[in-house]
Structures are given as C-alpha cells and as structure tokens.
Amino acid sequence: MTTIRFAELADMAMLQSRDCHIKKTILEKAITDKQVFILFSDGDFAGWLRWNLFWDEIPFMNMLYLLPEYRGLGLGTQLVSFWEHEMAGLGYDKVMTSSQANECAQHFYRKLGYQDAGGFFPFCNVFEIIFTKEL
C-alpha cells in the first residue's frame, strides 16, 4: 500500500540525511510551506518530492527521489501524479521540472507527458533539460 503525505517538521532529520541538495533552513521553510511530499510503501519511507515556484507562478518540481529499492515499481509515477493533482487543486494549469541530459529521469518525464522546453549548461556542468506540462 502506498501513502503520500505532506512532510512535517518531525521528518526533517530523515529528509536532511538523504537530501544533500538543500540547506537545512531552506528545507525547513519548504516543509512549513507544504512544498515537500513524502511517499511510504507498506509503511516504509520510500521517497520524496520537493517543489517551489518558477518565476513565482509556475510549480517547479525541484527534487523527485525514490530510494533505490523502490525504483521501477510505479511509485515515482504515483508521486508525480499526486503532486500534479495537488497543483491543479491549487489552481495551476501547468507545471515544470528538469533533468540532466545524462540522467534516465528525462525519459521518465517524457513518458508522463512532459515536453522538452529547452535547456542550458548551468555553471559549465552537464546540460539541464527543462520540461513543461499542461495540466
């Protein structure tokens, strides 16, 4: 059984120990602002989704992460669908995300209906592909 819920401040240590891409203070604010969802599979922590607003108006999925043992089971699709449904419920009609060109995630997003919208080389790193989707 899959359960998805908003992260709570009590989840900080669990998330922070796994998410090295965000400062503690920013993660705390994201949790308080209800911008982090946690996914459980059969009661066990399986992953999370973190988002904010691009240009202060378009929901942008910053982080989708499933623990390795939970990948390939359709849980990522469930988590993204849950997030998209929440965004539509808040009145948004489009969402965005991105993936590095050397990551398999780009194929996952395309499979879910996300369209390539361009990209860039952030700080001379790997090409980052921007994806958009109409809800």
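What percentage of the 135 residues in the chain is buried? Buried residues make up 40% of them, where buried means under 20% relative accessible area, exposed means over 50%, and partly exposed lies in between (1.4 Å probe, protein chains only). Keep in mind that this is a predicted model: local features need pLDDT of at least 70, side-chain atom pairs count only at pLDDT 80 or more, and totals for chains, interfaces and linings use all residues. Residues are numbered from 1 along each chain as its sequence is written, and side-chain values use heavy atoms, with hydrogens and water left out.

Let's walk along the chain. You'll find four helices and seven strands, in the order β-α-α-β-β-β-α-β-α-β-β from the N terminus on. Here helices (H or I, at least four residues) and strands (E, at least two) are DSSP runs, numbered from the N terminus. As for contacts (heavy atoms within 4.5 Å), take those with a separation of 6 or more: residues 24 or more positions apart account for 52% of them. The C-alpha trace spans about 35 × 30 × 30 Å along its principal axes.

Now zoom in on Thr2, which sits in strand β1 (residues 2-6). With a relative accessible area of 28%, Thr2 is partly exposed. Leaving out residues up to four places away in sequence, Thr2 touches Leu39, Phe40, Leu75 and Gln78. Phe40 is 38 residues from Thr2 in sequence, yet their C-alpha atoms are 5.6 Å apart in space.
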